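Hello,

Here is the structure we talked about passing on. Please open it and keep it beside you as you read the notes below.

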Amino acid sequence: MTVRIAIAQCAPALGAFKRNVAMHEEWIGRAQSARARLVVFPELSLTGYYLKDLAGDIACAAVDERLKPIADASRRIDVCAGFVERAPDARLHIAQGYWSGGRLVHVHRKVYLPTYGIFDDGRYFGPGERFEVFESAVGPTGIAICEDLWHVSVPYVYAATGATVVLSPASSPGRGVAEGGDLGTAESCRLMDRFYAAYLTLYVIFVNRVGHEDGIAFWGGSEVVAPDGTVVARAPEFEEHLLIADIDTDLVARERDRNPLIRDERPDLVESHLARRTGLVRRPDVAVERS
Amino acid sequence: MSVAERIGAIRPDPSDQSPLRIDEALVRKMLVAFLREETKKSGHRRVVVAVSGGVDSSAVAALAAETFGPKNVTALFLPYRTSDPLSREHARLAAKTFGLVLEEIDITSQVDAYLGRLGDVDRVRRGNKMARERKSIEYDRAWPDGLVLGTSNKTELLLGYGTRHGDMACDLNPVGDLYKTQLRELSVILGVPDVIVRKAPSADLWEGQTDEGELGFTYAQADLILYHLVDRRLRPSELIAAGFDAALVNNIRERVRRSHYKRVMPLIAKVSLRTVGHDFLYPRDWEAD
């Protein structure tokens with residue numbers, strides 16, 4: 001089966017929620033015109049990225065009225081977009097929602113909050129604690145927000161728990177301009193996308209934003225990489241672009257027949273090794289118990 | 001060759017300047033986008049650039065002309081009576097190259113009106129005064145709808161080789177993350193005339209002054225050491241062990257430390273619950289809804 005998706009490589013306005021909702025509605029319309037079944041927006045697409053103290057001001061609950069226009073639009077086309085979630089316990093999270101059929105069906109909270117170099121996520125946000133696979137328009141899917149994807153364990157856990165698609169919305173700042181290469185960040189991201197896709201035999205959908213915030217440029221370069229390692233589609237760097245890609249969901253099965261790495265994977269061994277390392281003992285009669 | 005295909009690690013080597021090389025076309029694209037977007041966000045359409053006749057300000061003038069179109073760039077040449085006549089010639093050449101109208105405003109009378117009352121004044125102090133008078137004119141000419149572009153490069157910023165509220169002052173600096181040798185490389189593809197690219201860098205604050213003469217080392221030396229210390233996070237001892245001159249490494253490291261106050265916002269004494277600069281932290285690009 002072929003599923004057409006759209007990637008909205010856009011430039012959200014920093015701290016301007018209403019404007020960003022209107023911007024989303026416009027891009028959703030364009031994705032619909034392209035006959036896509038799903039449109040994916042970057043990390044924090046409804047708020048902008050370097051929010052600092054604005055994070056608390058612009059946050060909303062996952063079911064907040066302010067997100068209704070996104071939920072409403074999802075009656076026509078599935079929408080995956082980023083926002084600051086104010087959790088019921090009042091913590092702030094970098095969240096990516098998935099809306100379908102007029103309602104929110106899944107939220108991933110960014111687990112790995114980079115707080116080094118040009119990043120300070122951990123100062124303003126609390127970490128998510130789960131990696132859950134859910135059914136999206138393109139099949140069993142796991143969401144890895146930006147830094148989440150840099151941790152090898154994340155796409156691995158998704159693959160080991162049934163995902164055939166890893167969706168990675170990002171706000172990746174471009175840096176590294178050494179001669180003779182691509183942008184340093186672009187090289188790193190493309191290496192990751194292709195490696196994960198080919199060795200976990202799944203689709204990697206990387207959705208990066210563009211635009212500037214406080215002198216830092218987000219580089220774009222969104223791409224879809226297939227389980228055979230081929231780049232299905234790639235957006236230009238530094239420019240707004242609606243990228244359309246056709247996902248062949250049957251390719252996962254064909255590739256996994258040819259190359260059954262996931263079938264032969266031994267997550268039980270990984271689990272028992274890690275359990276010993278972290279002081280947990282796994283016994284046949286008890287799932288996991290502290291030693 | 002892409003970075004991923006490079007064979008051999010980047011190592012500190014006093015005779016290897018290659019780590020400083022940049023992809024000029026990519027940098028040009030990034031800097032033009034930076035200027036376009038960061039002015040648009042604050043609602044500005046026009047910029048002011050002081051063109052000195054040197055390579056840094058010529059490069060900034062080129063980027064500004066490319067981004068905004070020459071008619072939206074106010075290019076100023078602001079000489080003092082002791083300024084080298086070649087500076088004027090080169091400033092005019094740069095402006096002409098990039099289609100800019102160069103406006104000349106002599107700062108002698110306003111500088112001398114103040115310094116004349118003081119008698120014998122140290123030349124560095126005189127130079128600082130000139131730099132600040134120039135900047136006051138740039139800001140005046142930016143009013144009411146323009147932004148002042150800075151031209152301080154990464155080498156100058158890290159060494160503290162500039163005047164606070166003088167040449168260091170600006171609203172946007174497109175070239176502050178490029179070392180002098182990198183900016184010179186970029187200026188070639190921007191079309192800065194060869195005679196400007198190749199001349200000895202000078203602040204031209206007194207007769208015969210050159211940057212490298214005043215600093216006591218070359219930009220090539222400083223840039224390579226700064227690159228390894230700052231960009232690659234090596235320690236001075238590691239550079240010295242790799243064959244870099246110990247006195248030079250320590251001198252540069254100490255200059256960076258000593259001048260750090262020049263690179264940060266003024267300190268505010270914290271007494272309240274929430275304080276500008278300490279824990280009242282909003283992005284500059286905070287946009288209206």
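**A bridge in a sheet**

Start with one residue pair: Ile143(A) has Leu167(A) as its bridge partner in β8(A). Keep in mind that this is a predicted model.

Strand β7 of chain A covers residues 139-143, and strand β8 of chain A covers residues 165-170. They pair in the parallel sense, over 3 bridges. In general, strands of a sheet pair through backbone hydrogen bonds, either parallel or antiparallel.

Now widen the view. Which strands form this open sheet, and in what order? There are 6 strands in chain A, and the order is β6-β7-β8-β9-β12-β13. The pairing is mixed. At the edges sit β6 (134-136) and β13 (231-234) of chain A, each pairing on one side only. From one strand to the next, the twist averages 25°.

α7(A) lies across β8, β9 (203-208) and β12 (223-225) of chain A. α7(A) runs at about 155° to β9(A).

**Another sheet in chain A**

Chain A also holds an open sheet of 6 strands in the order β5-β4-β3-β2-β1-β14. Its pairing is mixed. Which strands are at the edges? They are β5 (103-109) and β14 (241-248) of chain A, and each pairs on one side only. The twist here averages 30° from one strand to the next.

Look inside this sheet at β2 (residues 38-40) and β3 (residues 78-86) of chain A. They pair in the parallel sense over 3 bridges. Val40(A) has Cys80(A) as its bridge partner in β3(A).

**Domains of chain A**

Chain A is divided into domain 1 (2-256) and domain 2 (260-291). Taken over C-alpha atoms, the centres of these domains of chain A are separated by 31 Å. How many residues are in contact? 6 residues of domain 1 of chain A are in contact with 6 residues of domain 2 of chain A. On the domain 1 side, the touching residues are 4 nonpolar, 1 polar and 1 charged.

**Where the chains meet**

Chain A puts 30 residues in contact with 25 residues of chain B. Which elements of chain A each supply at least two residues of that side? They are α1 (17-33), α7 (184-199) and β10 (210-213). By class, the chain A side has 13 nonpolar, 8 polar and 9 charged residues.

**Helix pairs in chain B**

Take α4 (residues 108-115) and α5 (residues 123-142) of chain B. Their axes come within 10 Å and cross at roughly 135°. That angle makes α4(B) oblique to α5(B). The crossing of α4(B) past α5(B) is right-handed. In α4(B), the residues are Gln110(B), Val111(B), Tyr114(B) and Leu115(B). They meet Arg126(B), Lys129(B), Met130(B) and Glu133(B) in α5(B). This contact has 4 nonpolar, 1 polar and 3 charged residues.

Then take α1 (residues 24-41) and α7 (residues 180-190) of chain B. Their axes come within 10 Å and cross at roughly 85°. So α1(B) and α7(B) are roughly perpendicular to each other. Glu24(B), Ala25(B), Val27(B) and Arg28(B) in α1(B) meet Glu185(B), Leu186(B), Ile189(B) and Leu190(B) in α7(B). By class, that contact has 5 nonpolar, no polar and 3 charged residues.

Best wishes

Note on methods. Residues numbered from 1 in each chain as written. Chains lettered and ligands numbered in written order. Predicted model: local features only at pLDDT ≥ 70, side-chain atom pairs only at ≥ 80, totals over all residues. Contact = placed C-beta atoms within 7 Å. Helix = DSSP H or I, 4+ residues; strand = E, 2+ residues; numbered from the N terminus. Nonpolar A, V, L, I, M, F, W, Y, C, P; charged D, E, K, R; others polar. Pairing = 2+ DSSP bridges. Axes fitted to C-alpha atoms, helices over the stretch in contact; angles between N-to-C directions. Parallel < 35°, antiparallel > 145°, perpendicular 65-115°, else oblique. Left-handed = near helix turned anticlockwise from the far one by under 90°. Domains from an automatic or database assignment.
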